[in-house]
Amino acid sequence: MNIVVCVKQVPDTTEVKIDPATGTLVREGIPSIINPDDKSGLEAALELKDQAGAKVTVLSMGPPQAELALREALAMGADEAVLLSDRAFGGADTWATSTTLAAALRKLDWDLVVCGRQAIDGDTAQVGPQIAEHLGIPHVSYVSELKVEGEAVVVKRAFEDGYQRIRAKFPCLVTALKDMNKPRYMSVGGVFDAYRKTIPVWGLADLDVDPANIGLKGSPTRVKSSYTKGTKSAGKVYEVDPKEGARIIVERLKEKFII
Amino acid sequence: MNVSEYKGVFVFAERRDGAVQKVAYELLGMGRGIADALGEPLAAVLLGSGLKDSEAAELIAFGADEVILVDHPDLGVYMTEPYTKAVVKAIAERKPGVVFFGATTIGRDLAPRVSARVKTGLTADCTALAVEDGTRNLLMTRPAFGGNIMATIVCPEHRPQMSTVRPGVMRKLERDGARKGRVSRLAVEIEAKDRNVEILEVVSEKVARKNIEDSTVLVSGGRGLGSPENFRKLDLVADELGGLVSASRAVVDLGWVGQDRQVGQTGKTVRPDLYIACGISGMIQHIAGMEDSGFIVAVNKNSGAPIFEYADLGIVTDVNRLVPALAEELKAAKAER
């Protein structure tokens, strides 16, 4: 069984801060990580490898430094890695990103593609289903459990108000939720091996894709403007003992006709 | 692509277990404003099996000019491919300029698949929509980087312009039973090969859950409460106010309460009339999920906690001693009336 896991290198957004003077993102000193949903997808693939034997390839699109995320994936136990990196891929929205990743997947052997549900920097959850559409294969998103039965996966698919159990025959794509497992750490031997492996870097010339469909100019959507949220003016703050605090709250709720 | 051929606004009216979901009415409320700004009609697209005319009538009462019913036995339970096929067919036949989906686990599965098939852009989890003067393009605003930045996205050269919209963000209209609209039916062929996955089991868990998005009062707890026992005391206050208890991500990660109670960027967006934040410091990811609440009260022992910048009323004190005192005060206030 061959599995390709798509991963994205993202800034650890739980540490993202806004520079109050300039109103822009402070990127310095913010560590880059493998996107959490993707990492759980990788762990799920590695568990299948442990149980039944599988070749696990990790695929990432990003700037040259995304190689670090792929090295980490190799050190966790992935067999091979491919980096898609080319200036021509830059500025892509989800449509163009999924077009590029699908073109790379066409060059690889796989029965199953695993993506994370969504990346913490964009939160769109679009790239996985769009890759599947470009490849003409079924997908199941929001997967919280995954096993292989013969030539198919059987997954638990989460909804807000319940879940479904779904069987999808190979070839297919799933998008993984980070809650599905706890990703393993890199092993010492794995780290050593990871740095001996060569990670091929594929650019536009390596893919069979229309240049008009990738990067910024292949993206149907554009960012027109962006701004940091201004805070509304804060209300009054009282530093009081708990009893007095409770009394003040009730008084204000009465004034506001909330109670 | 000639963008001027595409006219009208579509709302995907999500339906589960035979019931049109609240988010569909919210989208109609917002979509009505967009359609009016464009001077174009608003249509609800309702997919299902055994659809009733009364369901279409409700969608009209909440703002739709037209309801397009796609009724097929294979559309009873959500499955990606049959739903994609039906929505793509409706788009191909009617050429709408705009399509909205709820940013639910169904909308966020279906919309990207549709967008890839019709080759158009899709903007996820929008919190504000508007029509740009002059170009008449849809301006789609969404949070990025955990809610730190708001980005306005356009899709100038492809149609339809599509976006998913977070549930709980838009207001539905007042129901107007006298509103007129038309109902049409669209046939879709779904073949065996379109049922390309097999649903083995459907499990509903909603009986056990109360939905924090629907509560007008939320008493929300954070790590500052110190223990799961203290967290559970929030029930005392919530009960007095007829509200529900919600939580910050930290508390959900600690396992004090289930994820369905989580407020914030990775949880739910809520806008109750009253939000009482107890022992919540106010990380931006949390703020993104509750800042539009009507009246925000924050209780925290740390006067420097960012939550106070967003609160209408702040109390710096020992939250664990305030909670029972507040429950008592509320009980007394009730007795006075």
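I count two residues as in contact if their C-beta atoms, placed from the backbone, lie within 7 Å. With that cut-off I went through chain B of this predicted model.

**Entry 1: contacts and confidence**

I took the contacts in chain B between residues at least 6 apart in sequence. Of these, 65% join residues at least 24 apart. I then looked up the confidence values. Chain B has a mean pLDDT of 94. A pLDDT of 70 or more is reached by 98% of its residues. For the complex, the predictor gives an ipTM of 0.88 and a pTM of 0.81.

**Entry 2: overall dimensions**

I checked the radius of gyration of chain B and found 22 Å. A compact globule of 337 residues would have one near 20 Å, so the value agrees. Along the principal axes, the C-alpha atoms of chain B fill a box of roughly 65 × 45 × 40 Å. Buried residues make up 55% of the 337 in chain B. I counted secondary structure too: chain B holds 9 helices and 18 strands.

**Entry 3: the sheet**

In what order do the 7 strands of the open sheet in chain B run? I read β7-β11-β6-β1-β4-β5-β12, with parallel pairing. At the edges stand β7 (122-126) and β12 (182-185) of chain B. Each has a single partner strand, so one side of each is left without a neighbour in the sheet. On average, neighbouring strands of this sheet are turned by 25° against each other, direction ignored.

B:C126 has B:V165 of β11(B) as its bridge partner.

Next I looked at what covers the strands. Helix α1 (residues 22-38) of chain B lies across β1 (9-13), β4 (42-48), β6 (98-102) and β11 of chain B. The helix runs at about 175° to β1(B).

**Entry 4: the cores**

In soluble globular proteins, nonpolar side chains tend to be buried together. I looked for such groups here. The largest nonpolar core has 132 residues. Those with the most contacts inside it are A:A73, B:V11, B:A44, B:V45, B:L46 and B:L59. Helix α1(B) supplies the largest share of this core, 8 residues. Another core, of 52 residues, lies apart from it; B:L225, B:V245, B:V251 and B:M290 are among its members.

Which residues does B:L46 touch, leaving aside its neighbours within four places in sequence? I listed B:A13, B:R15, B:V20, B:L51, B:E55, B:A56, B:L59, B:V67 and B:L69.

Technical notes. Residues are numbered from 1 along each chain as its sequence is written. Chains are lettered from A and ligands numbered from 1 in the order in which they are written. This is a predicted model: local features need pLDDT of at least 70, side-chain atom pairs count only at pLDDT 80 or more; totals for chains, interfaces and linings use all residues. Helices (H or I, at least four residues) and strands (E, at least two) are DSSP runs, numbered from the N terminus. The radius of gyration is taken over C-alpha atoms; the globule rule is 2.2 Å times the number of residues to the power 0.38. A residue is buried if 20 or more other C-beta atoms lie within 10 Å of its own, exposed if 12 or fewer, and partly exposed in between; C-beta atoms are placed from the backbone. Two strands pair if DSSP finds at least two bridges between them. Axes are lines fitted to C-alpha atoms, for helices over the stretch in contact, and angles run from 0 to 180 degrees between N-to-C directions. pLDDT is the predictor's confidence in each residue, from 0 to 100. A nonpolar core is a set of buried Ala, Val, Leu, Ile, Met, Phe, Trp, Tyr and Cys residues joined through C-beta atoms within 7 Å.
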